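Here is a short note for your review. Please read it with the coordinates open.

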Amino acid sequence: KMLGSGGVPTAEPPVKLTEEQRTELQAQKKALRLSLLSNTMQCWSKQGDLTKVVQTAQEVLKMDPAHPKALFRLSQTYVTQHEHERCREILERWRAVEPDSAELRGVEAKLRQDIAAHASKEKQMFGKIFRKDSAPEGSE
């Protein structure tokens with residue numbers, strides 16, 4: 001810091017950066033922001049705030065559409081919320097980025113299990129409805 005009259009600090013003169021230095025600083029800023037948001041996403045996930053996980057993941061994906069951690073968290077969240085079509089869309093995007101990811105295969109397996117469980121519940125629910133409707137009159 002520069003000292004002015006009376007020993008009071010004054011503003012430092014602006015630093016002139018080259019275009020290359022500016023570009024490098026912007027890249028570093030973006031990397032730090034992505035890291036911060038990625039960690040924030042994980043915190044929301046651990047706290048069970050799925051709405052904030054989705055919002056944060058979408059913010060990350062606006063900055064980096066192929067961000068693996070954001071794709072992972074978003075797909076996990078969509079499975080938990082039974083948003084099967086949205087999950088499939090995210091898994092496709094993720095597969096294009098990391099086709100050999102073990103985490104990707106894990107989420108795909110969870111999605112298949114969730115779809116099967118959902119179908120089983122629907123079958124039971126509709127089975128009960130149709131059994132009631134098809135019961136002979138006076139048998140209830």
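Predicted model: local features only at pLDDT ≥ 70, side-chain atom pairs only at ≥ 80, totals over all residues.

1. Residues are numbered from 1 along each chain as its sequence is written, and side-chain values use heavy atoms, without hydrogens and water.

2. Helix α3 spans residues 68–80 and helix α4 residues 84–97. Their axes come within 9 Å and cross at roughly 155 degrees. That makes α3 roughly antiparallel to α4 (angles over 145 degrees count as such). Axes are lines fitted to C-alpha atoms over the stretch in contact, with angles from 0 to 180 degrees between N-to-C directions. Helices are DSSP runs of H or I, at least four residues, numbered from the N terminus.

3. Which residues of α3 and α4 make the contact? From α3 come Pro68, Leu71, Phe72, Leu74, Ser75, Tyr78 and Val79. From α4 come Arg86, Cys87, Ile90, Leu91, Arg93, Trp94 and Val97. Contact means heavy atoms within 4.5 Å. The residues divide into 11 nonpolar, 1 polar and 2 charged.

4. There is 1 aromatic pair (ring centres within 6.5 Å, using the six-membered ring of Trp). Phe72 and Trp94 have ring centres 5.6 Å apart and planes at 65 degrees, so the pair is edge-to-face (planes over 60 degrees apart). Phe72 lies in α3 and Trp94 in α4, so the pair ties together parts 22 residues apart in sequence.

Note on methods:
Helix = DSSP H or I, 4+ residues; strand = E, 2+ residues; numbered from the N terminus. Parallel < 35°, antiparallel > 145°, perpendicular 65-115°, else oblique. Nonpolar A, V, L, I, M, F, W, Y, C, P; charged D, E, K, R; others polar. Phe/Tyr/Trp six-rings, centres within 6.5 Å; stacked < 30°, edge-to-face > 60°.
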